Amino acid sequence: MGGFHMNFFDKLDAVMKQDFGGRGLLGSLPPSPLSLAAKELFCARRALILTGFPVLCPDGSVIGETDGPLGSADLAFALKANGCQVTVATDAHSSELVKAALSVRCPDVPVTVLPEAGTRAFSEQLLDTLCPTHVITLERPGKAADGHYHNMRGEIIDFMTADADCFLELAARRNIRTLSIGDGGNEMGMGTFRKEIESFVPCGEIICTAASADCVLAGGVSNWWGIGAAALLSMETGAFLLPSEAQETEMLRRVIEAGGVDGTTKLREMTVDHLPLSVHLEILRDVSSLVRKAQEEQAA
């Protein structure tokens, strides 16, 4: 990979790793493997995207959070634009939220709802049916070393999440490539960064997921890597595959209208991980500018 691309990768990684939420993990991580990520995304012919992180609300109800659906929709759009068949899988708590986000970017992408019981058999059957070349996880709970799912406070959330952790293991057995995206250490695939998560993340020794993926991307907010993946595919294809600010805003509006809550505040408002919409649009603006400038330089 030439110096031009490496410079683009460095700049993109710097935008993605801004730690507005003060999680503490990002500064300890090595550079993201963006050359590998770009290759994997470009080569994907059939992709299964797993997302949906459940939140226990003050009234005792469970609903998915706003981080996950938007990034998955932006990722799905970019993959489809490159000729990849895409399916998104999530559980019942997040299915309407994911559909709401996809309705803005790519409404024809099918959403599969994971069952509350018998998930492993369901997962094997789904992989048999779809024959994916890639399994991509974005803000999806992963099991820790103790065999339980945890939220960022270390609380066990097994009772409200479909047991989908087996997808990475099953994919590895079938030689399906895996790419995982997270922001806190308790998401599928983040076991790759176990040393950093245990050292720098509150409750890191409890929440760090056990499983790793072939390629792992960490960012300030998981949704951002949906935009980042679209940026990588834009550079690979020469097209511009990122959402507009209006599309990103409308996706969040529809996700909240469908019941989504901020995973940190547990409130139904136009925020993701306690960060206002303006911060997320600033990330989109910076990445869009980076891609347009790089494409202009390539064309010159």
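Modeller: Residues are numbered from 1 along each chain as its sequence is written. In this predicted model local features need pLDDT of at least 70 and side-chain atom pairs pLDDT 80 or more, while totals for chains, interfaces and linings use all residues, and side-chain values use heavy atoms, without hydrogens or water.

Biologist: How far does helix α9 reach from its first C-alpha to its last?

Modeller: Helices here are DSSP runs of H or I with at least four residues, numbered from the N terminus. α9 covers residues 222–237, 16 residues in all. The expected span is 1.5 Å times one less than the number of residues.

Biologist: Is α9 largely enclosed or open, and how many of its residues are buried?

Modeller: Buried means under 20% relative accessible area, exposed over 50%, and partly exposed in between, with a 1.4 Å probe and protein chains only. α9 is largely enclosed by the rest of the structure, because its buried residues number 14 of the 16.

Biologist: Which helix gives the largest share of the lining of the largest cavity?

Modeller: A cavity is a set of points on a 1 Å grid over the protein atoms alone where a 1.4 Å probe fits but cannot get out; lining residues have an atom within 4 Å of a point. The largest cavity has a volume of about 60 Å³, and its lining includes Asn223, Trp224 and Ile227. α9, α10 (245–257) and α11 (277–299) each supply at least two lining residues. The largest share, 3 residues, comes from α9.

Biologist: How are the rings of Phe20 and Trp224 arranged?

Modeller: Rings of Phe, Tyr and Trp (its six-membered ring) pair if their centres lie within 6.5 Å; planes under 30 degrees apart are stacked, over 60 edge-to-face, the rest tilted. Here the centres are 6.1 Å apart and the planes at 85°, so the pair is edge-to-face.

Biologist: How many residues apart in sequence are the parts that this pair ties together?

Modeller: Phe20 is partly exposed at 39%, whereas Trp224 is buried at 1%. Phe20 lies in the loop between α1 (3–16) and α2 (34–43), and Trp224 in α9, so the parts tied together are apart by 204 residues.

Biologist: Which ring has the charged end of Arg292 over it?

Modeller: A charge sits over a ring if NZ of Lys or CZ of Arg is within 6 Å of the ring centre and within 35 degrees of the ring normal. The charged end of Arg292 is 3.8 Å from the centre of the ring of Phe240.

How values were computed
On a 1 Å grid over the protein atoms alone, a cavity is a set of points where a 1.4 Å probe fits but cannot get out, and a pocket is an open set with protein on both sides within 12 Å along at least five of seven lines; lining residues have an atom within 4 Å of a point. Grid points are joined across faces, edges and corners, and a volume is the space filled by probe spheres set on the points.
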